Amino acid sequence: MAMLTLLLLLSAAFTLGDRMTARLQFRNPPCLLLSDDLVTFAADQRNPCPRGWFQFNSRCFMFVKTARTWPNAEYLGANLASVHSYEESQFLQAVVLITTGSFPLTWIGGFDAVQDRLWFWSDGSKFDHESWAEGEPNNNNGAREPCIHFNFGAENGWNDVSCGKSYPSVCSIRTCLILQTVN
Ligand SMILES: [Ca+2]
Ligand SMILES: [Ca+2]
């Protein structure tokens with residue numbers, strides 16, 4: 001409802017004519033702007049995500065094909081994706097399937113590098129959902145496996161794995177809530 005109100009305010013302000021100047025501000029938590037394109041798309045209520053990104057609730061997600069280590073995939077002003085529900089986990093699988101036609105192992109933003117089995121998301125959100133594959137997380141063969149990829153095992157679930165391995169990734173950004181100020 002708040003978003004709708006803001007967009008209605010935005011539309012109304014633009015109809016007031018040249019005497020008033022529209023100024024866009026971005027509400028906290030801050031939007032992470034990748035380029036000017038995002039500002040353009042964020043102002044379009046029909047498509048709040050930039051081109052090539054997929055919307056789920058208040059975030060936009062993108063599959064990044066280039067295989068990188070987990071720390072190198074945490075880049076470009078976006079975060080590796082956090083996952084907060086079974087539906088969101090299924091959505092990420094769909095994003096990867098639509099983009100690649102398959103289910104490649106893909107980084108998301110979970111890590112327990114600070115303390116074994118104490119999981120965090122790299123975007124700072126609460127670790128309130130888990131979709132582990134059977135038998136995971138397992139610190140395989142006693143190794144520290146501090147980073148999470150998904151599309152693992154029969155159920156395409158999550159697996160803890162060494163952060164230095166290279167995989168494609170899914171990153172996410174918040175859709176921008178646009179505040180309108182009329183000067
Ligand atoms: Ca682990
Ligand atoms: Ca594992």
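Does Val 114 count as buried or exposed, and at what relative accessibility? In this predicted model, Val 114 counts as exposed, with a relative accessibility of 66%, and it is found in strand β5, which spans residues 106–115. Together with Leu 118 and Phe 120, Val 114 forms a nonpolar patch on the surface, and the accessible area of these residues together is about 280 Å².

Strand β5 pairs with β7 in the antiparallel sense over 3 bridges, and within this pairing Phe 111 stands opposite Cys 147 in β7. Because 5 of its 6 residues are buried, β7 is largely enclosed by the rest of the structure. On β8, the bridge partner of Phe 152 is Gly 157, and the hairpin of β7 and β8 has 4 residues between the strands, with Gly 153 taking a positive phi near 75°.

| Strands | Sense | Bridges |
|---|---|---|
| β5 and β7 | antiparallel | 3 bridges |
| β7 and β8 | antiparallel | 4 bridges |

The calcium ion (ligand 1) is coordinated by Asn 139 through OD1, Glu 145 through O and Asp 160 through OD, at 2.3 to 2.6 Å. In sequence, these donor residues follow the spacing N-x5-E-x14-D.

Methods
Residues numbered from 1 in each chain as written. Chains lettered and ligands numbered in written order. Predicted model: local features only at pLDDT ≥ 70, side-chain atom pairs only at ≥ 80, totals over all residues. Heavy atoms only, no water. Donors = N, O, S within 2.8 Å, 3.2 Å for Na, K, Ca; no water. Patch = residues over 30% accessible without salt bridge, like charges linked within 9 Å, V, L, I, M, F, W, Y side chains within 5 Å. Areas by Shrake-Rupley, 256 points an atom, 1.4 Å probe, with all protein chains shown as cover. Salt bridge = Lys/Arg side-chain N within 4 Å of Asp/Glu carboxyl O. Helix = DSSP H or I, 4+ residues; strand = E, 2+ residues; numbered from the N terminus. Buried < 20%, exposed > 50% of the residue type's maximum accessible area, 1.4 Å probe, protein only. Pairing = 2+ DSSP bridges.
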